[in-house]
There are 4 protein chains.
Amino acid sequence: MPREEDEGHLAYPSEVTAARQTLARMDSRRSSYTGSSSEEDEISPREKSQRNSKGSSDFCVKNISQSAFGRREIEIAEQEMPGIVALRKRAADDKPLKGAKIVGCTHINAQTAVLIETLVELGASVRWAACNIFSTQNEVAAALAEAGQPVFAWRGESEEDFWWCIDRCINTENWQPNMILDDGGDTTHLMLKKYPAMFKMIKGICEESVTGVHRLYQLSKAGKLTVPAMNVNDSVTKTMFDNLYSCRESIIDSLKRATDVMFGGKQVVVCGYGEVGKGCCQALKGLGCTVYVTEIDPVCALQACMDGFRVVKLSEVIRQVDILVTATGNKNVVTRDHMDKMKNGTIVCNMGHSNTEIDVNSLRTPDLTWEKVRSQVDHVLWPDGKRIILLAEGRLVNLSCSSVPSFVVSITSCTQALALIELFNAPAGRYKSDVYLLPKKMDEYVASLHLPTFDAHLTELSDEQAKYMGLNKAGPFKPNYYRY
Amino acid sequence: MPREEDEGHLAYPSEVTAARQTLARMDSRRSSYTGSSSEEDEISPREKSQRNSKGSSDFCVKNISQSAFGRREIEIAEQEMPGIVALRKRAADDKPLKGAKIVGCTHINAQTAVLIETLVELGASVRWAACNIFSTQNEVAAALAEAGQPVFAWRGESEEDFWWCIDRCINTENWQPNMILDDGGDTTHLMLKKYPAMFKMIKGICEESVTGVHRLYQLSKAGKLTVPAMNVNDSVTKTMFDNLYSCRESIIDSLKRATDVMFGGKQVVVCGYGEVGKGCCQALKGLGCTVYVTEIDPVCALQACMDGFRVVKLSEVIRQVDILVTATGNKNVVTRDHMDKMKNGTIVCNMGHSNTEIDVNSLRTPDLTWEKVRSQVDHVLWPDGKRIILLAEGRLVNLSCSSVPSFVVSITSCTQALALIELFNAPAGRYKSDVYLLPKKMDEYVASLHLPTFDAHLTELSDEQAKYMGLNKAGPFKPNYYRY
Amino acid sequence: MPREEDEGHLAYPSEVTAARQTLARMDSRRSSYTGSSSEEDEISPREKSQRNSKGSSDFCVKNISQSAFGRREIEIAEQEMPGIVALRKRAADDKPLKGAKIVGCTHINAQTAVLIETLVELGASVRWAACNIFSTQNEVAAALAEAGQPVFAWRGESEEDFWWCIDRCINTENWQPNMILDDGGDTTHLMLKKYPAMFKMIKGICEESVTGVHRLYQLSKAGKLTVPAMNVNDSVTKTMFDNLYSCRESIIDSLKRATDVMFGGKQVVVCGYGEVGKGCCQALKGLGCTVYVTEIDPVCALQACMDGFRVVKLSEVIRQVDILVTATGNKNVVTRDHMDKMKNGTIVCNMGHSNTEIDVNSLRTPDLTWEKVRSQVDHVLWPDGKRIILLAEGRLVNLSCSSVPSFVVSITSCTQALALIELFNAPAGRYKSDVYLLPKKMDEYVASLHLPTFDAHLTELSDEQAKYMGLNKAGPFKPNYYRY
Amino acid sequence: MPREEDEGHLAYPSEVTAARQTLARMDSRRSSYTGSSSEEDEISPREKSQRNSKGSSDFCVKNISQSAFGRREIEIAEQEMPGIVALRKRAADDKPLKGAKIVGCTHINAQTAVLIETLVELGASVRWAACNIFSTQNEVAAALAEAGQPVFAWRGESEEDFWWCIDRCINTENWQPNMILDDGGDTTHLMLKKYPAMFKMIKGICEESVTGVHRLYQLSKAGKLTVPAMNVNDSVTKTMFDNLYSCRESIIDSLKRATDVMFGGKQVVVCGYGEVGKGCCQALKGLGCTVYVTEIDPVCALQACMDGFRVVKLSEVIRQVDILVTATGNKNVVTRDHMDKMKNGTIVCNMGHSNTEIDVNSLRTPDLTWEKVRSQVDHVLWPDGKRIILLAEGRLVNLSCSSVPSFVVSITSCTQALALIELFNAPAGRYKSDVYLLPKKMDEYVASLHLPTFDAHLTELSDEQAKYMGLNKAGPFKPNYYRY
């Protein structure tokens with residue numbers, strides 16, 4: 001099923017799915033770097049006959065002739081993804097993925113292209129489809145195809161195209177996949193249902209979306225998961241960057257780009273003090289806002305207190321705040337009743353999960369007037385003239401009105417590559433047919449790949465110190481339950 | 001074994017043992033509130049015949065006549081321990097510890113007296129000894145004895161006294177203990193060795209020190225632990241306050257009280273970016289220091305980068321820093337070689353663990369001169385006149401030169417009380433003969449008891465929201481692996 | 001002379017001229033709210049015959065029929081300019097400008113329209129021209145004309161048009177101006193030169209640009225200034241917002257919009273620690289950057305130290321920084337030699353003054369290649385492949401890549417209105433023919449008008465307290481030399 | 001008149017007088033370093049016959065034999081006063097005070113001894129008395145006398161002694177003073193009244209206290225000031241450190257030492273947002289407090305808003321705050337009515353000015369009970385058991401419960417020395433018989449002397465840049481009205 005909206009609803013607070021990140025990233029890129037696609041012809045790529053310069057036609061993209069432009073995009077992305085490029089260099093000789101045959105299904109854009117080409121350099125052979133019908137950067141797909149990768153993807157696939165592309169990756173002559181890199185779970189499920197024999201030959205699955213992970217846990221519960229799977233969505237380093245560090249910057253960026261609001265002196269309520277909420281609060285406080293927090297969990301509430309935020313019920317401050325930010329992962333956290341009480345000019349946005357946190361549907365009543373004042377910004381007018389400024393119609397404002405830094409994508413990509421390496425090379429028995437988190441040592445390795453960006457110099461344990469601490473000098477350095 | 005110094009060396013970064021906290025707290029109290037003990041007579045309490053006003057003589061304290069003064073101390077402590085007092089009120093009717101017979105062995109001071117009397121109000125009967133030969137507040141012990149609690153403890157016990165006191169708690173007529181509240185593991189071990197039959201009747205052990213927990217895990221590994229034990233030392237809420245929130249304030253307080261240093265503009269290196277290091281860095285940055293961090297763990301190093309600190313090797317900055325703080329839990333992090341390179345006037349202190357982080361012994365060489373300039377402050381002079389300011393001879397400076405807020409003790413006490421309640425009331429089979437962490441729901445309850453102090457108002461989930469999140473409305477609200 | 005670029009170079013650190021602010025603001029508005037102007041016809045407004053709905057033709061705008069759209073723009077702006085609207089209400093009955101005949105020459109856009117209509121509501125009659133040939137919002141000019149204000153302005157005036165418009169404001173039948181509100185000094189100078197008799201009748205001039213103020217001081221020195229003038233550019237409240245508070249937000253916004261850079265962990269050098277530099281440093285530190293400062297003034301350098309920033313020479317850190325920001329007001333602070341030493345990917349931008357701080361001309365040599373990657377972003381490539389990211393070609397990045405909040409414009413507008421009121425109503429003798437700063441009491445009044453936005457409640461002195469302090473209860477509250 | 005309490009009440013917000021600083025500093029020193037003075041004999045120094053080792057008896061101190069200990073105190077102080085020591089070195093060859101004959105009257109302690117000996121090294125000859133009857137460090141006075149300085153001071157002078165000592169400095173054979181360094185104005189006034197002829201020969205007065213400055217301005221107004229005087233109390237650099245930077249640290253230190261309060265999560269109201277208030281707010285916010293501000297001045301109120309603080313009337317938050325800090329310079333800012341409304345356990349302290357801000361007298365009523373719980377800490381009990389914690393009985397808590405860093409004293413001392421140099425060397429006519437602020441260039445020089453402490457490297461203007469800015473390369477760098 002070609003997803004446009006990730007509807008997973010696990011009990012995590014404030015997850016940002018990588019799927020959406022990549023989508024937004026691509027949108028931002030597109031408007032910046034690539035030309036309009038309005039001139040693209042209407043012939044389906046499936047009906048075109050295309051060959052790359054080496055004569056191969058084992059791919060299906062919009063227009064192979066755009067490959068040079070796509071190559072430049074990939075080169076620029078490499079400059080902003082130091083970790084994955086470092087991994088490529090460090091592991092180039094080992095070829096830890098030699099023999100791996102990976103079916104990939106992710107967004108296809110400059111950043112994922114860097115990941116795909118890294119996997120190939122590490123020894124893998126790959127076939128790749130898009131996990132989203134709208135997010136493919138056509139010129140990047142062309143560049144991959146020109147470089148010899150069998151890519152089946154273009155922007156604006158039909159649903160039928162979507163499944164056809166995945167099928168073309170899985171089912172081909174003389175190539176039997178043994179690994180899956182999935183984003184949303186569609187490739188996993190197609191293979192499981194349509195090619196069960198082939199699925200049994202898979203050595204491991206790497207999944208990075210909330211939805212896909214949820215589906216894997218359900219499979220596992222149902223006893224249908226016959227291969228080990230790595231949940232990279234919840235790896236420590238990746239989560240930290242996806243949530244705390246990304247959102248700390250994107251809340252500012254999103255609000256500013258959408259509304260030009262001045263932060264100094266504003267009263268803001270942030271619903272939820274998980275990692276996303278913490279990031280939002282820290283950034284807003286840093287720019288001179290007075291921030292209130294709502295929480296359901298007393299531990300997080302106590303943290304908010306100790307960090308200097310008043311913990312309130314939403315109803316206590318709803319009449320006075322200038323900005324409301326949701327970051328709970330829950331639904332209907334902001335109701336029509338709340339919005340009826342807001343003062344004129346209040347900005348309302350969602351940094352949390354999906355589009356459920358603000359009850360936007362409750363605003364679609366005859367007594368209220370919607371004015372779209374620019375892309376992603378609606379003014380909702382009450383009969384008395386009150387005006388609420390709603391961003392991105394309640395969808396994730398950080399993805400709609402900001403962009404995900406390449407550095408964050410680099411961390412996710414490294415995590416995925418290492419998960420594949422681990423699963424492919426693990427000795428028999430290390431992993432059973434279950435869903436695993438990335439081993440802490442790998443998480444630490446992802447982190448270490450990104451330290452040179454900051455010119456950060458790690459201290460090494462002496463033998464004596466390692467012995468005193470009961471640690472291996474190469475890590476892992478923390479017990480599994482460590483909270484960072 | 002009557003401990004004066006906790007020598008546990010687990011692989012945790014920067015643990016602060018509750019044992020030491022209480023000790024330091026008491027010291028601070030003593031100097032503030034209580035008169036000098038110089039006039040105390042030299043007769044051993046064991047040789048005195050004392051009775052409380054109700055005629056009981058089932059106790060052994062220094063001087064029962066001091067009880068009124070001790071009672072006032074306890075009353076003041078109650079005002080500063082809102083959580084434990086709230087627990088007392090909420091559970092007073094339930095008497096969840098009715099039938100519990102608790103042998104306790106902790107520091108004995110105003111704060112622990114509040115805990116002890118809370119346990120009694122919740123239905124328990126108790127017998128109590130001191131876990132440290134120097135830390136007992138005699139007047140508080142007297143107040144407990146006057147109130148009818150069998151207390152066996154005084155400041156300045158001999159080692160033989162120490163074991164005699166514990167023995168008198170365990171082994172008495174007509175009273176068969178079924179719970180142990182231990183701090184250091186001495187009661188547990190005495191009972192296990194000397195009264196093995198009695199030990200088998202125990203329903204649960206609650207242990208709060210690093211050392212005691214370490215000994216429990218060793219017992220468990222060796223198959224000798226025949227009862228469930230609760231490791232309250234590592235409960236989430238307690239750890240957060242012991243480390244991050246306490247140290248954020250005590251690093252400032254310790255340095256200021258010991259040296260009157262002005263923080264603005266100073267260069268500081270903090271070794272270790274665990275919870276203690278994070279707290280130190282945040283506070284020092286907040287007062288205008290430039291802070292450098294050393295780390296062995298790439299994940300923590302990356303966190304330091306994202307929080308705005310340069311991650312360096314100690315040797316890179318050792319010549320330029322004004323203040324050096326250790327918070328690693330490791331040994332010999334600061335060596336003589338480092339100290340040889342420091343500039344004149346550098347302040348060196350340890351916030352981490354035990355007294356191993358700074359190699360203080362390496363400074364006890366004939367070429368260096370030590371000058372004690374005041375309590376806890378030594379100037380070490382190099383032959384060329386260079387002067388290093390060493391605090392607390394490398395022991396924990398936050399305990400030597402600052403004090404632990406009662407609020408933090410309140411959190412620890414609640415955690416202990418809830419652990420006892422949980423173990424005492426758990427249905428058969430919930431806990432086996434192993435070492436457990438406090439259930440998350442209890443951790444959340446401890447937090448909730450302390451929210452009113454901050455006038456913090458928790459939001460409740462609606463039925464619909466709880467269902468959407470897959471949560472119970474009363475918690476627990478997070479999966480076990482949640483990192484806060 | 002129709003200015004496009006303000007070339008004033010006074011000895012102030014880091015001034016932002018109001019002229020440019022308004023320009024940038026307008027640009028931002030235009031792209032957001034108003035349609036493209038591509039369809040506008042080519043007939044000069046001077047050749048068109050236009051009448052407003054009341055029959056008046058005493059104006060000259062692009063297209064009177066656009067007035068409804070312009071009116072909506074003005075209404076939106078009013079919502080974001082609480083101070084000036086409050087002033088309008090408070091003084092509506094007093095009509096403190098009754099009898100004032102003001103020739104105005106400013107940018108013409110929604111925000112200035114609010115100012116103009118406020119002056120009228122306060123009793124003034126006005127005639128208005130544009131101070132910049134490119135910055136007029138045509139639909140706003142139309143709305144003003146429709147409302148009966150004699151406006152002479154359109155986007156894309158020729159230089160001749162420019163002077164014609166101003167002349168039409170000054171020289172008209174039955175209307176003798178007695179006040180000037182100027183932005184750049186062109187109206188003042190035209191009147192002085194062409195209508196010296198009329199100039200002598202003027203009661204006061206209010207000037208808000210660096211350039212205009214500079215010209216007034218020169219006139220004054222030369223003994224040619226025959227009327228009192230108010231330098232509103234340097235009023236305390238206005239300057240604070242123009243520099244510290246605006247730049248604290250716009251440095252983040254500018255860098256993010258232009259480059260999508262992630263701030264966490266980045267090394268930044270800020271040249272200059274005046275108000276603009278302070279704002280930049282505070283914001284960047286708050287988002288996790290390590291910030292270095294360069295300074296020439298030891299007092300500011302000491303402030304930087306105490307605020308936790310390392311004070312360095314640029315050459316010491318130029319090889320390691322990721323971002324360089326200038327905020328000095330000086331020239332050639334960043335030279336080609338510096339840029340030769342930067343590492344790959346360094347972002348270079350100017351927050352200070354004019355376009356002189358970065359020696360951009362030194363980059364226009366044959367060995368370097370410029371690539372424009374998007375509007376306001378150039379990549380300059382060195383022969384070895386090194387890439388420097390130059391923003392806005394060294395012009396003010398906060399104006400080129402961000403926008404000035406309406407709140408800041410509201411403060412400037414209030415300051416202008418109060419300066420006019422003060423000059424118009426001052427008793428004879430209070431002001432001589434010189435250049436004055438706004439009286440502190442007026443500055444305080446501007447501030448007080450904006451407090452309700454933040455729901456801030458001022459405390460009033462009791463009689464006893466006022467006497468003790470030697471203050472009037474209504475202010476001013478500080479001596480003139482007070483540094484805030 | 002020997003002052004114990006400075007009662008000056010100028011219209012400055014939150015001044016801290018240097019007099020008190022030095023006093024508190026000395027108290028802190030005394031308790032740390034020097035032994036008890038209880039053994040001191042009861043014979044008046046005036047009746048003793050003492051000689052130093054060179055045979056001079058032109059001094060009067062408690063006990064010349066303590067000089068070695070005093071010398072060590074002075075040496076330690078030198079290490080902590082980098083600026084004044086640097087000044088000594090830089091100017092040693094120039095001897096800019098050659099020929100100066102200075103009568104000094106200040107506190108006499110290790111820090112002022114460093115100043116006195118610096119003046120001598122720069123060429124001056126001096127005679128010195130104490131400005132306070134209780135603050136003299138006897139051993140330091142002895143060390144100065146031993147080194148040949150005619151010092152007349154001891155701890156515990158009678159009022160008659162006090163004036164006798166000053167007289168002995170002024171009126172001696174073969175030595176005609178030409179400069180006065182005063183702290184409080186007593187020497188100035190004694191000379192003016194008793195030795196008017198001598199007073200007319202004075203080339204300049206340097207005064208550092210609020211009171212002394214106030215008296216000078218009164219003299220000037222009354223036309224009685226016949227010599228130029230320098231008000232060093234209000235010099236930019238000194239004020240910055242006395243107020244903002246000192247108080248940022250001492251509010252934390254004072255509260256912690258006095259009460260062991262935990263800051264995290266506490267609600268605090270700070271009355272007054274001048275420099276002292278700003279410092280307090282910044283520090284408290286940095287440690288996790290929620291801070292409210294009260295203000296009478298709309299400009300400062302707006303600053304508080306933009307810095308993220310809610311601006312309230314005291315009555316709005318008085319029932320909920322945990323800590324109240326005054327920093328207004330005003331009187332009765334906190335009344336009995338306010339204190340009646342506070343909740344149990346509220347801490348009340350004054351960081352502002354004098355002892356007037358909190359109406360402490362209103363608490364001395366029969367219905368309230370005072371309990372002194374330790375030095376500087378009183379609990380005031382209401383009939384219902386409510387307990388307010390009052391620090392230092394409403395006097396300046398930063399001086400009573402904390403200490404002033406030597407670095408701050410170093411800045412003050414440099415300022416005084418430079419003021420003397422400037423007045424002594426100024427060409428005829430530069431200064432008239434009036435009260436002056438230190439020239440900005442001197443202020444900048446004081447700052448520059450302290451930069452090496454922070455290893456801060458100043459940038460020098462190029463000739464081209466200096467010309468562009470219209471500045472001298474050596475400064476001053478800012479116009480007089482610059483606000484920093």
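The legends below describe close-up views of a predicted model.

Residues are numbered from 1 along each chain as its sequence is written, and chains are lettered from A, with ligands numbered from 1, in the order in which they are written. Because the model is predicted, local features need pLDDT of at least 70 and side-chain atom pairs count only at pLDDT 80 or more, while totals for chains, interfaces and linings use all residues.

**View 1**

**View 2. The contact between chains A and B.** Here 49 residues of chain A are in contact with 49 residues of chain B, two residues being in contact if their C-beta atoms, placed from the backbone, lie within 7 Å. On the side of chain A, two or more residues each come from α10 (236-259), α12, α13 (314-317), α17 (440-450) and α18 (463-469). The largest share, 8 residues, belongs to α12(A). Helices (H or I, at least four residues) and strands (E, at least two) are DSSP runs numbered from the N terminus. By class, this side of chain A has 26 nonpolar, 12 polar and 11 charged residues. Nonpolar means Ala, Val, Leu, Ile, Met, Phe, Trp, Tyr, Cys and Pro; charged means Asp, Glu, Lys and Arg; the others, Gly among them, are polar. The copies meet through the same surface, because 100% of the interface residues of chain A are also interface residues in chain B.

View 3. The contact takes 11 residues from each of chain C and chain B. The side of chain C that touches chain B has 3 nonpolar, 5 polar and 3 charged residues.

View 4. The UniProt annotation "binding site" (unreviewed entry) covers A:G274, A:E275, A:V276, A:G277, A:K278, A:G279, A:E295 and A:N398. UniProt positions follow the numbering used here, feature names are shortened, and annotations may be inferred rather than shown by experiment. A:E275 lies in helix α11 (residues 275-286) and counts as buried, with 27 C-beta neighbours inside 10 Å. A residue is buried if 20 or more other C-beta atoms, placed from the backbone, lie within 10 Å of its own. A:E295 sits in the loop between β8 (290-294) and α12 (298-306) and is also buried, with 30 other C-beta atoms within 10 Å. Leaving out residues up to four places away in sequence, the contacts of A:E295 include A:G272, A:Y273, B:L458 and B:T459.

Technical notes:
A residue is buried if 20 or more other C-beta atoms lie within 10 Å of its own, exposed if 12 or fewer, and partly exposed in between; C-beta atoms are placed from the backbone.
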